[in-house]
Every structure is written in C-alpha cells, then in structure tokens.
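Trainee: I'd like to learn how to read the contacts in a model like this one. Could you walk me through them?

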Amino acid sequence: MPRTLISIDNACKTYDTPEGGKVNALKDINLNINYNEFVTLLGPSGCGKTTLLKTISGFESLDSGDIKIEGKSIINTPSYKRPVNTVFQNYALFPHMSVKKNITYGLDINKSLDKAEKDKKFNYVLNLINLEGFENRMPHQLSGGQQQRVALARAIINEPKILLLDEPLSALDKKLRSNMQIELKNIQNQSGISFIFVTHDQEEALSMSDRIIVMENGSVSQEGKPEEIYYQPKNKFTADFIGETNLINGLVEEENGLIKFKNENFEFHLTKDFQQYINKKVTFSIRPEQFFTNDVPKESNPYISNFNVEVIQRLFFGPNIKIVCKIKNQIFHCLLKISDQETIKLFEKNKKISIYFDVTKIKLFE
Amino acid sequence: MSKFYQNMKKLFNFLKNKFLPFHVIIFFMFIYIPLLVVIFLSFNSNVINMMIWDGFTFDWYKSIFGFNTQLDEDAVYLESTDQLLNALKNSIIISTTTTIISTFIGTCLALAMVRYKFRFKAFYNALVYLPMIIPDIVLGISLLIYFVTVGVKLSIYSIIIGHCTFLCSYVFIVVSSRLAGMNDELEKASNDLGGNEIYTFRKITFPLIFPGIMGGALLSFIISMDDLVITYFIAGVDSTTLPVFIYGIMRRGIKPEINAIASLMIIFSLIVAALGIYYRSKKL
C-alpha cells in the first residue's frame, strides 16, 4: 500500500481578471501523491496546473482548502520553509554565480553543514547530472540542456520531499528533450524524491509518469496510470487531449433488438455493453491506430466492424502511414503499420478501401 | 527618366560615401571644440586678456591648489580664488550628500514600484516621474516659496533637500529599469531554495541591481554638481555652489584660473560619466 506524502484537500483559488471578472483557477481539487511517485499534471495552458504547483511551492495562496505534507498543513508556512523545491521553466539560474555556487545555494543558507559534507553532496549531484568539470563555469557559458541539469541539481541537493518541475523541458530541442526525459526518470529513481511534473506535452507525460492527472479548467478531468488514461479515457476532453482521436457525433438507437450507432454519414452495430446509451446523443471515439486493414473474416471475431472509405491524403512516417479518409462528409484519421514499399501503393489518393476496427475497443461519451 | 534616376542615385551614393564621415566629424567637432578651447586656454599665461595666447603655463592650476605664483599676483582681475574654492567645497559636500540620500530613497522606491503590487501604483509612478518633467525654473521657484513659507533657512541643507527632490527620480528610473530587466523568478528561486526575504535581497537582488544603483548614483552626483537653475533659487548667502558662483562673476570678469577649474571639472565629469556608462552596460 503506497503511503501518502502530500494531500491536497478541496483546494480552491480564483483570480481577478484585468477586465474585472473572476477566473476559477482551481475548483475544489482533491489529490494525494505518494512517496517516490512520479506524478504529472497534464493539461492545456490555463487549466490550472501551474497554479496548483505554485500553491504547493508557496508562491500562491489558496482561497480555501488545505495542503498537507506528511499530515501537517503547510498553507501557513512561507515558501522558504517548505520541504519542497522547484525547477523553473526558464531554470532561473543565478547569473552572477558559478555552477558550484548555484548548486550549493540551498546548502549555504543552512549553516549546519560543514564543508566536507557540503562537498560530498555537491560531488554526488554533480555526478548525477553528469557535469563534472563544469563547476566553475557561469550559467551563460552553458548550453540549454546543461543549464537545465544545473537547475535540477540545485533543487535536489536540498533533498526535498517533493520536487516540482514546471515544464522544465519545454525550452529544449526535441532530441535533447528525449534524452532529458530518460535522465529525469533515472534521477527520480535514484534519489527517491517524489516528482510533480507539469507539462502540456502529452507524449512526455505518457512516457515518464507513474500517474497522470489530467486537468481541465481548474478541475481534475481524470487521473490514473498512463495506459489507463490513454486507453480508458473517461470523457471527451481526456480522449481528445491525450493522443490523437477521431471524435464523431451521433445517436445510439435500438433496432430489432440490436444496438446501433448512427449519424447522417454511416452506421454500425454496437455490443450490448453500450446499452446504457440507447436513445442518447453521444460522441464516439476511436484512436487512429485502432483501425486496421487486414481482411479479418467477420465470422472469426463477431465484434469486428468495417467502414468503406475513400482516401483523401496519405502521410508516410516510416514505420507507419497516416491516412486521411472519408465516408460521405465524415473524415477519419487512421494510423496503419506498414513494413514494405508495396503496401503503400494500396493507399493511393482517391482509392476506395476498407478499414476495420474492434467495436469492443471504442469509447462512447455522452 | 531612368537616366535621371540613375544619376540621382549616383549623386546620393557619392554624398553618402564622401559626406557621411565628414558629417560625423563635424558633429563631434561642434560638441567638443568649445570644451577643448577651455582646456587650451587654461594653459594661457596672458594675465590681462585670457582670450589672447601669450605662452604656456601651469600657473593657473597651481594657484587653484593654493600655491603662490607670479601670474596670480599680476592678474588684473578681482581676487576670487578663496570664494571659488569655497564654492567648490560646497558643491562637493552637496553632491556627495545628495547622492547618498537620493540613491537610497530612489532604490527603495524602485524596489517597491517594480516588485510589489498596490493600489494607485500607476498614479504614484507618475508622481515619481513628475519632478523630472517639471521645468527647473518652476521647481526652483516652488522650492524657494516652500522653504520661505515653512521657515527653512536657505543654506547648504536647503540645497541638499532641493536636489534630493528631483534626483530621487533619476535614481528611480535607472534602478527600476535594471530591476524590470531582472527576471523575478530568480528571487522566487532563492525563496524556494530556503532563502528568506533578507537573504534573497543580499545574495540575489542587490548584486544584480548593483550596476544600476551605481549608475544612478553617478548620474545624480553629476547632475547635482552642475545644477544651476534650481540651486540659484535656493542657495543661501554662504552656500554658493560652483555653478552659481561662476554664473555670478561672469559679468564682473574672472581670473583665468576659471579655465583651469573648468578643465578639471570636464575631466572629472568624463571619468564619472564613463564609470556610469560602464556600470549601466554591465550585463545581467
């Protein structure tokens, strides 16, 4: 049973907009985060994820609600006394201090450590971030990725209970970003610190997190393991925000004891599991990669359904090919695996093809 | 038509290539020749008419520093060296005190205005800029009326108070632009790492805005040193400053040592200004 490190209870926060209105940045948020957990707050900009992070670090106060670390409320503790450290989006390295001074900044405040202990800790984190030999450089003499790692080292050297990371990788280029993702994950494993990671990059969230908290308009839309969030989205927002999804509006009807999804462009049969949606307007969601083209005999799997579509566009990605196709006015995106050059020819523009999908794997949202 | 156009273009290019460097030279000559003339004449040994060259001498410089020289005794002008030195002394006392006070107040103001949110901030901001925009003569007269009404005796102290009223604004502008250019996340980061407000100010904010503070201080020193209009109104009998003194004896005719004093002030100002530019240009 994982132990709770930090619990956020009924957190509310409103902002005044410059126009005189009010924005609910946080609406009654309840969250628990465990020891040694990598949690990601994921959402579009303005969803409240950064506000939530700031209330934990102490740069914003809550209007109501409570934040407890190991059972003790911290909302009246000033930020410099909280057992929390932050890695800022733009790193916020002190420009007038060397790498070493930057990293040991937190240790220097705490006078209880002697020099030998300080050096030991410093060498440990320097090794962890792989920047030996750089300790006397100034921040502006470092590359973006190196600055990022110094910012990380500066935070973890204080051995906080929780490390908050506010979109720390957003300023890095793609290749560096994926390297840093792996490094961050390693550092989290080695240090045993709980990470709360804020991002709007869903791929980053999926690949790194133990748990993802999807936020929308100041409330939690869904939380769970990355694979749960991806394959079992609870609502339209999550389905749409995480990964790519075809979202199609329509109606569920019962006809001669069979359940059907129907709109003006097409219809197909649903299984009994979708009974609850009968006579309701719904949105049906299917991921592009859930389509396939192999001819599967209908008899072998009664839940396979198919669409006859016309190809509008195809985009070749190497291992995959993305096909934009339509039935009447309805456009679909499909991502198909391919392994040889011949297969690509099957998806020429304007060709009529059949695409298949497993009805049990689709999602309906009201 | 196109031929005409081409000719025009040629002419323009010709002017650009030949005349532009010329223009730059003329521009700088226009500004610096008067200053060079003063420096040149400060070495003139003519005791009767300082405008006519009569040989090279260091005597005027010597006489400023209190040495007796032959030229000094021969000079037909009114004896003014003591008054002049007294005015210089007053000016230095006033500038130094004013710089310390206005740098402190201006920096505090800048910190409050840039780092904190409060009601009527825009209004206060405008109030701080106002002393710089108001014409000196208006500021001088109003300060005089104020001092007389309140009953402050005109002296060195009234000049110090008067100078501080507008020099705080200059310091404020220099320091606040430096502060605004500084990422406030740095202060948050220090806070986050365990530094309280005082520690953060000492270790982060102050070192980073120090060049701005220095720049503001040097600027206010120079402005205070050569302010004439405002000082003219609020200077008491014994508290004449150097610019006011020079202005006062202009018509009476002054000893050529004024050139030496002016030359020294030019060099001093250049050093201070260069220092100021150096500090302001230091990168964050």
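Trainee: What area is buried between domain 1 of chain B and domain 2 of chain B?

Mentor: Some ground rules before the number. This is a predicted model, in which local features need pLDDT of at least 70 and side-chain atom pairs count only at pLDDT 80 or more, while totals for chains, interfaces and linings use all residues. Residues are numbered from 1 along each chain as its sequence is written, chains are lettered from A and ligands numbered from 1 in the order in which they are written, and side-chain values use heavy atoms, with hydrogens and water left out.

Mentor: Buried area is the accessible area (1.4 Å probe) that two parts lose on being put together, summed over both. Here, domain 1 and domain 2 of chain B bury about 1200 Å², and carbon and sulfur atoms give 75% of that. On the side of domain 1 of chain B, Met50(B), Trp60(B) and Ile64(B) supply 44% of the area buried against domain 2 of chain B, more than any other three residues.

Trainee: Where do the two domains of chain B run, and how many residues of each are in contact?

Mentor: Domain bounds come from an automatic or database domain assignment. In chain B, domain 1 covers 2-74 and domain 2 covers 81-281, with their C-alpha centres 30 Å apart. Contact means heavy atoms within 4.5 Å, and by that rule 13 residues of domain 1 of chain B touch 14 residues of domain 2 of chain B.

Trainee: How many salt bridges and polar contacts cross between those two domains of chain B?

Mentor: Let's start with the idea: side chains of opposite charge can pair when their charged atoms come close. A salt bridge is a side-chain nitrogen of Lys or Arg within 4 Å of a carboxyl oxygen of Asp or Glu. A polar contact is a pair of N or O atoms within 3.5 Å; within protein, one must be able to donate a hydrogen and the other to accept it, and residues adjacent in sequence count only if both atoms are side-chain atoms. Between domain 1 and domain 2 of chain B there are 0 salt bridges and 2 residue pairs in polar contact (both at pLDDT 80 or more).

Mentor: For the elements, helices (H or I, at least four residues) and strands (E, at least two) are DSSP runs, numbered from the N terminus. On the side of domain 1 of chain B that touches domain 2 of chain B, the elements giving two or more residues are α1 (2-41) and α2 (59-64) of chain B.

Trainee: How do I read the domains of chain A, and what area do they bury?

Mentor: The same way. Chain A has domain 1 (4-241) and domain 2 (246-359 + 361-365), and 40 Å separate their C-alpha centres. The two domains of chain A bury about 760 Å² between them, 53% of it on carbon and sulfur atoms. In domain 1 of chain A, Tyr230(A), Lys236(A) and Ala239(A) lose the most area to domain 2 of chain A, together 58% of what that side buries. Between these domains of chain A the count is 0 salt bridges and 3 residue pairs in polar contact (both at pLDDT 80 or more).

Trainee: And what do chain B and chain A bury between them?

Mentor: About 1800 Å², with 63% on carbon and sulfur atoms. The contact takes 19 residues from chain B and 22 residues from chain A. Across it the rule finds 5 residue pairs in polar contact (both at pLDDT 80 or more), and the salt-bridge count is 0.

Trainee: How many salt bridges are there over all chains?

Mentor: The whole structure has 22. One of them joins Lys161(A) and Glu70(A), whose closest N and O atoms are 3.4 Å apart. Lys161(A) lies in the loop between α5 (144-156) and β7 (162-166) of chain A and Glu70(A) in the loop between β4 (64-69) and β5 (72-73) of chain A, so the pair ties together parts 91 residues apart in sequence.
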